[in-house]
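Colleague: I am new to reading protein models. Could you take me through one, feature by feature?

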Amino acid sequence: MTELEKCPFCGTEGPVFLTEWNRIKYPPTLVAHFGCLNCKCFFRMEYRNEEDRDGVREELEKQWNRRVKE
């Protein structure tokens, strides 16, 4: 697991990782939400298999830590 940066918008530590089923689509997909509960900034990614969850989380962590270098 990657060490995570604070939220780039509000500075809150510890982004959350949530998953839910999107049953509107057929076949249903899992939707991962990763972000800050304080200011509600989230990344969202869909995937099909529960086995893909760890890879999706890893990708979302990389996106979360991506920052513009000054």
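Modeller: Gladly. Keep in mind that this model is predicted. Start with the sheet. It is open and has three strands, in the order β1-β2-β3, with antiparallel pairing.

Colleague: Which strands stand at the edges?

Modeller: β1, residues 16–22, and β3 do. Each has a single partner strand, so one side of each is left without a neighbour in the sheet. From one strand to the next, the twist averages 20°.

Colleague: What holds strands together in general?

Modeller: Strands of a sheet pair through backbone hydrogen bonds, and the pairing is either parallel or antiparallel. Now take a pair here. Strand β2 covers residues 29–35, and six bridges join it to β3. The two run antiparallel.

Colleague: Which residue stands opposite Leu 30?

Modeller: Tyr 47, in β3.

Colleague: Where does the helix α1 lie?

Modeller: Across β1, β2 and β3. Helix α1 runs at about 155° to β3.

Colleague: Now the charged side chains. How many salt bridges does the structure hold?

Modeller: Five. To read one, look for a side-chain nitrogen of Lys or Arg within 4 Å of a carboxyl oxygen of Asp or Glu.

Colleague: Is Glu 61 buried or exposed?

Modeller: Use the cut-off: buried means under 20% relative accessible area. Glu 61 has 2% relative accessibility, so it counts as buried.

Colleague: What about Lys 6 and Glu 13?

Modeller: They form a salt bridge too, with the closest N and O atoms 3.8 Å apart. Lys 6 is partly exposed, at 45% relative accessible area. Glu 13 is exposed, at 60%.

Colleague: Which residue forms a salt bridge with Glu 46?

Modeller: Arg 44. The closest N and O atoms are 3.4 Å apart. Glu 46 is partly exposed, with a relative accessible area of 28%.

Colleague: Last feature. Which residues form the nonpolar patch on the surface?

Modeller: Leu 18, Leu 37 and Phe 42. Together they have about 260 Å² of accessible area. A patch residue needs over 30% relative accessible area. Phe 42 is partly exposed, at 34%. Phe 42 also takes you back to the sheet: it lies in strand β3, residues 42–47.

Conventions:
Residues numbered from 1 in each chain as written. Predicted model: local features only at pLDDT ≥ 70, side-chain atom pairs only at ≥ 80, totals over all residues. Heavy atoms only, no water. Buried < 20%, exposed > 50% of the residue type's maximum accessible area, 1.4 Å probe, protein only. Patch = residues over 30% accessible without salt bridge, like charges linked within 9 Å, V, L, I, M, F, W, Y side chains within 5 Å. Areas by Shrake-Rupley, 256 points an atom, 1.4 Å probe, with all protein chains shown as cover. Helix = DSSP H or I, 4+ residues; strand = E, 2+ residues; numbered from the N terminus. Pairing = 2+ DSSP bridges. Axes fitted to C-alpha atoms, helices over the stretch in contact; angles between N-to-C directions. Contact = heavy atoms within 4.5 Å.
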